[in-house]
Amino acid sequence: MHGVRMKIISIVGSPRGKRSNTGRLLEEVLKGARHAGAANETILLKTDSVRPCLGCDKCHKTGRCPQKDEFESVKGKILSADALVLASPNYIFNVSAQMKAFMDRCCGILHCLAFEGKYGAAIVTSGGGDEKPITTYMNHFLIATGISPVGDLGVTMGNLVNEEFTDEIQGQAFALGERLVRAWKGQKRSKIVDKKIAAFKARMEWLISYRKQDWPYEYDYWRSHRGLK
Ligand SMILES: Cc1cc2nc3c(=O)[nH]c(=O)nc-3n(C[C@H](O)[C@H](O)[C@H](O)COP(=O)(O)O)c2cc1C
C-alpha cells in the first residue's frame, strides 16, 4: 500500500453540480487531500444517475442491482478506492434525495460491510444550519458500510458574505482533507469507530445467518470473506 498514491472517491448529492455550494466546499477539502498526496475523482449525482431503490431484494441474492443506471459503476469505483467522501446539501433537515437514493442502493453493501478498511468523511452545506445531525447520519452510514470516518464539516451558507467561504472555513476544509490522507497513510483507526463497526458487523452476521436461504449472495460473501459457518 505504501508508495502507492491514495485514491479518494467523492460523491456530491447536490443536483446543482460542481459549482454548487456543496461541490465548492468539497473542492476545498480535496485541496487538502491533494496537497497531502492523494488522487481524487468526484462523482456528481444528477437526477437520474443513481435512481431510488425499488426494494426488489435482488442485490442480496445476486450481489448486483438490476437497475440500469450508474450505481454499479459508482460501487466499483468505491471498491477500488481507499476513501469515500460524501457531500450533500441540507434538504429539509436531511441529505438530498439524490444522496439518499445512493445510500439506499448500498443496502447490500451494508449487509456485507463491503467497504471495510476504507476511510471517509462527510460534508454538508445548508442555508440556515442543522448540518451536524446530517453529517452524523452520513458518518453513521459510512460506519455501517465498514468505512472509518475521520471527521465532518458543516457550513451555513446564510452566514457568509456573497456565499464566499471564509479563510477559517477554507482552513477547516483543507485540514479535513489532509486528515483523511494522514489516517490512510498511518492506517490510523479510532477505537470508538472500530467498536461501532464491530457492533454493526455482529448484527449483520446474525441477520445473514438467519436469512441465508433468501440471500445466497450475501451468505456466500460472509462465508468466503468472513469465515461464517
Ligand atoms: C429543497 C431544498 C430544501 C432545503 N432545506 C433546507 C433546510 O431544511 N435547512 C436549511 O438550512 N437549508 C435548506 N436548504 C438550503 C440549502 O441547504 C443550501 O442552499 C445549500 O447550500 C444548497 O447546496 P448546493 O448549492 O450544494 O445545492 C434547502 C434547499 C432546497 C433546494
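Angles under 35 degrees count as roughly parallel, over 145 as roughly antiparallel, 65 to 115 as roughly perpendicular, and the rest as oblique. The model is predicted: local features need pLDDT of at least 70, side-chain atom pairs count only at pLDDT 80 or more, and totals for chains, interfaces and linings use all residues. Residues are numbered from 1 along each chain as its sequence is written, and side-chain values use heavy atoms, with hydrogens and water left out.

**Exercise 1.** Describe how helices α4 and α6 pack.

*Solution.* 
1. Helices (H or I, at least four residues) are DSSP runs, numbered from the N terminus. Helix α4 covers residues 97-105 and helix α6 residues 131-144.
2. Axes are lines fitted to C-alpha atoms, for helices over the stretch in contact, and angles run from 0 to 180 degrees between N-to-C directions. Here the angle is about 20° and the axes are 11 Å apart.
3. α4 and α6 are therefore roughly parallel to each other.
4. The contact (heavy atoms within 4.5 Å) is made by Lys 100, Phe 102 and Met 103 of α4 with Tyr 137, Met 138 and Phe 141 of α6.
5. Ala, Val, Leu, Ile, Met, Phe, Trp, Tyr, Cys and Pro count as nonpolar, Asp, Glu, Lys and Arg as charged, and the others, Gly among them, as polar. The contact of α4 with α6 then has five nonpolar residues, no polar and one charged.

**Exercise 2.** Which residues have the most contacts inside the largest nonpolar core?

*Solution.* 
1. A nonpolar core is a set of buried Ala, Val, Leu, Ile, Met, Phe, Trp, Tyr and Cys residues joined through side-chain atoms within 4.5 Å. Buried means under 20% relative accessible area, exposed over 50%, partly exposed in between (1.4 Å probe, protein chains only).
2. The largest core has 43 residues, and Ile 11, Leu 86 and Phe 102 have the most contacts inside it.
3. Leaving out residues up to four places away in sequence, Phe 102 touches Ile 11, Leu 45, Val 50, Phe 71, Val 74, Ile 78, Leu 86 and Phe 141.

Technical notes. Helices (H or I, at least four residues) and strands (E, at least two) are DSSP runs, numbered from the N terminus.
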